[in-house]
Structures are given as C-alpha cells and as structure tokens.
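Thank you all for coming.

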Amino acid sequence: MTIYSGPVYQMAERQFHLVADHLNIPIDERERLLRPKRGITLAVPIQMDDGSTTVFDGFRVQHHLTMGPTKGGTRFAPAVDMGEVAALATWMSWKCALVGLPYGGAKGGVACDPRALSRRELESLSRRYMQEMIPFVGVHIDVMAPDLGTNEQTMAWFMDTYSMHAGHTTPEIVTGKPVSVGGTKGRREATGLGVVHLVARALTHLGMRADASTAIVQGFGNVGSIAALELSRLGVRILGVSDEYVAIFDPNGFDVEELIRHMEEHGSLQSCELGQRVTQEQLLTSNCDILVPAAVERVIDEGNAAKLSCRILAEAANGPTTPEADLILSERDEPVFVIPDILCNSGGVIVSYFEWLQGLHQENWDEEEILRKLRHKLDESFDEVMARAKRENISTRFAALSIGIEKVWSAKKQRGLFP
C-alpha cells in the first residue's frame, strides 16, 4: 500500500512494470525506481473576495533527484489529486532522461477551478501555494513550470513570492515566465512546435506528404491550438478540433487562425458556429491521417482504440493512451505510428531547460538559437527511439520508455544507495 492511487497512477505503474520486464530489471530494484522520493500535501488557505476563508488542497510530487533537480508543471484544476500528480511526475522523469536533460520529474497542483476565482483570488492562491512550497523547492532542488490552469502570470507570481523570501530576484526558480521577468522567447509555443516537428519527422518516415494529409486535434488549449496552427502552415488540412465544451468537424477543413481568434475572444469554442457539432468520441474516431490528443489522460482506451482511423497518433497530452489501447493499436493490420507522449510533448520541458540555463548564467538567447537547439534535441531523441524500436522489434512507446527508464536505472546504480 502507498499513498499513490487512482487510475492515472495505476496506468503509469503498469507501463513501468511492462518496460521493466522487457529490461529485466530485478524485482527488488523496481520499487526504488518507481516510488517518488517525496510526496507533499498542503493546506492552502486564502481569503476570498467576500471576506470568507477557503482552504484548498495542494500537492507536489518530486519523483527523483538522482540526475539533478526535479522539474515539472503546476496545474490548477478541480480533479487534481496525489495519484494523478505522482503519475505525471513519473512520466516527466522518463521524459527528461529520454531527451537528455539533467532533471528528475516533478508535478504539482491545487484542486480548484481557476475560472471560478477572481484575479485577486487567483493571485492569492498562487502566492500562498508557492509560500507553502518554499521549504521543498529551490533552483537546484525543484523548478516549477505552468500546466493546465496556470500560465505565465502564475509563474511570475511564483517567482516574485520566492524572490521576496530569498531577498533577491531569483528568475531561475520557475520556468514559463513572461520574457519581461526572465522568461525565454519561444517557451509558450515550444510544446506545440515540438509536436509538429516530430509529426513532420513521422510523415517523412512513412513516406507521407504534409500537404496531402489531414489532422484532428482533440484539445484546443495552448498546446493544441499551436499544434493545429503549425500543422496548417505545413499544408495539413485540420478537419476537427475540440475543447472541454464542444467538438466540431468540417470535412473541408478549418481556418485555424479564425478558430484561435474565436478562442481569444470568447474563451472557448462553445459558441463557435463553424463546422458541425460531434461528440468527443466521434471526433477521436473520425477518419484522418494525424490524430493529436492534446487534452487529458486516458482518452484512448480499450473501448475506442480499435475504432481509431488515423495513421499517426501524436500524443501532445500526457498519458492519453492506456496500455490496453496500446496493445490493440499495435496488433492492427496496419499499426498506428505512435509518437509517444514522453517524446511528443517534450518540447516544453526542453525549452524550459533552456530558460533555466539562461537564468542561472544571466544570459538571453535569441529565438532562432532556442528553436535550433530545440529541433536538434528532438531530432536526436526521435532517431534514438526509432533505432531502439527497430533494433529490439518493439513499439515506439516501449523504445522511448526503455531509454528513459534505463538511463535513470543506470544513474541510480552508479551513485549507489546512501546508508
């Protein structure tokens, strides 16, 4: 029994053990690799605008610090719990190791609905959460970033709160900040740009043309909207998109810039009159060449995996495909080419690493240099995953996870176990 439970953590745990079997990791060494180093729960009290006091539940999981500080996002969402946070921290560990970053994985969050809070309440919540986390974070311990329900402004509040405690400005304590307070050019777009760069690599690998391809993007937030926009700029026709309220489809394709303008003006696609309304399930299973799940975990499962009608599955979200669905996808007559999440959405943490480095060294790189370094990292990792998959006759997901887990396993063995 552990404090980590729930379907998302069980999924991460199952993925780990499947790969550990493949790597022949001894049973008595697995718990040290899988179990998070720290799991922190917080009471986060704030005064509401009406004068009342509300206490929110806060969480932070630091998976391992074997190779450097932990790194990971902080989400503000109603369903945040310790199990989900632990799973996301675990995946971040394998992701950072896969792409060669000197980090362990972390994740945090507050169980709240940020849309129901005023700006003042949101600032109070952000500052109080960081204040409660100060004993457990640091530029060489744990570096936070934005995630679902948080953004550049949240990170600026985090940074300011920590800096007031430190007595000096400490921009490197968080990443994903506004450029004006030590953020980096290209960070907001990095995850979506990385997704599309890897989709382009997959298209080339499969002998497909971007300008003859179609795509569906499930989840039209920051990552999904940028991915859709960049795919359209490659010539890909975007047939369908969705947010948490509505899914829309048009066989003739959408003007993605018009959809983005609608989102910026209205905050959702709910009132959008373009295309036809479909269910989220219909959107996921509609015919397309490229399917980009860019929302939440476990949307592709054993119930709908056989119905997917795509050639490339580009996992912009964390954990969108369950292990049971993976097996179904791999056994199809024409297997789906999966760009696994720990590779596909790694652009965000790669550019966060660049932001952290710039903060540590008080440098300011231009956007061209950042994007060049990002593409180089992604290409190296894509090539390594493809070579491993071919050499061992395993899926791209197994290959990516094997590389990440093996690197952490090796580091732990070489450092040994402190008494």
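Before anything else, a word on terms: a residue is called buried when its relative accessible area is under 20%, exposed when that value is over 50%, and partly exposed in between. Please also keep in mind that what you see is a predicted model.

With those cut-offs, let me start at Pro 335, which sits in the loop between α10, residues 323-330, and β12, residues 337-339. The relative accessibility of Pro 335 is 39%, and it therefore counts as partly exposed. Leaving aside residues up to four places away in sequence, Pro 335 touches Arg 311, Leu 329 and Ser 330. Pro 335 and Ser 395 are 60 residues apart along the chain, and their C-alpha atoms are separated by 9.9 Å.

Let me step back to the whole chain, which has 14 helices and 12 strands. Taken along the principal axes, its C-alpha atoms fill a box of roughly 55 × 55 × 45 Å. How does the radius of gyration of the chain agree with that of a compact globule? For 419 residues, a compact globule would have a radius of gyration near 22 Å, and the protein chain, with 21 Å, agrees with that. Of the 419 residues, 57% count as buried, and the accessible surface comes to about 17,700 Å², with 49% of it belonging to carbon and sulfur atoms. If we take the contacts between residues at least 6 apart in sequence, 69% of them join residues at least 24 apart.

Now to the helices, and in particular to α14, residues 396-415, which packs with helix α3, residues 82-98, at an angle of about 90 degrees, the two axes being 8 Å apart. That angle makes α3 roughly perpendicular to α14. On the α3 side the contact is made by Ser 93, Trp 94, Ala 97 and Leu 98, and these meet a set of residues in α14 that includes Ala 400, Leu 401, Ile 403 and Val 408. Sorted by class, this contact of α3 with α14 has 8 nonpolar, 2 polar and 1 charged residues.

Helix α14 also packs with helix α1, residues 7-23, here at an angle of about 80 degrees and with the axes 10 Å apart. The two helices, α1 and α14, are therefore roughly perpendicular to each other. In α1 the residues that take part are Gln 15, Phe 16, Leu 18, Val 19, His 22 and Leu 23, and they meet residues of α14 among them Arg 397, Phe 398, Leu 401 and Trp 409. By class, this contact has 8 nonpolar, 3 polar and 2 charged residues.

Next, a point about the backbone. Most residues other than glycine have a negative phi. With a relative accessible area of 76%, Gln 362 is exposed. In sequence Gln 362 and Glu 172 are 190 residues apart, while in space they are 9.4 Å apart, C-alpha to C-alpha.

Is Gln 358 buried or exposed? Gln 358 belongs to helix α12, residues 347-361, and at 5% relative accessibility it counts as buried. Its contacts, again leaving out residues up to four places away in sequence, are with Thr 184, Glu 363, Asn 364, Trp 365 and Ile 370.

Not counting residues up to four places away in sequence, Ser 346 touches Lys 95, Val 99, Asp 341 and Leu 378. Ser 346 and Ser 381 are 35 residues apart in sequence and 9.9 Å apart in space, C-alpha to C-alpha.

Definitions and conventions: Residues are numbered from 1 along each chain as its sequence is written. This is a predicted model: local features need pLDDT of at least 70, side-chain atom pairs count only at pLDDT 80 or more; totals for chains, interfaces and linings use all residues. Side-chain values use heavy atoms; hydrogens and water are left out. Axes are lines fitted to C-alpha atoms, for helices over the stretch in contact, and angles run from 0 to 180 degrees between N-to-C directions. Helices (H or I, at least four residues) and strands (E, at least two) are DSSP runs, numbered from the N terminus. Angles under 35 degrees count as roughly parallel, over 145 as roughly antiparallel, 65 to 115 as roughly perpendicular and the rest as oblique. Contact means heavy atoms within 4.5 Å. Ala, Val, Leu, Ile, Met, Phe, Trp, Tyr, Cys and Pro count as nonpolar, Asp, Glu, Lys and Arg as charged, and the others, Gly among them, as polar. The radius of gyration is taken over C-alpha atoms; the globule rule is 2.2 Å times the number of residues to the power 0.38. Buried means under 20% relative accessible area, exposed over 50%, partly exposed in between (1.4 Å probe, protein chains only). Accessible areas come from the Shrake-Rupley method with a 1.4 Å probe; for residues, only the protein chains shown count as cover.
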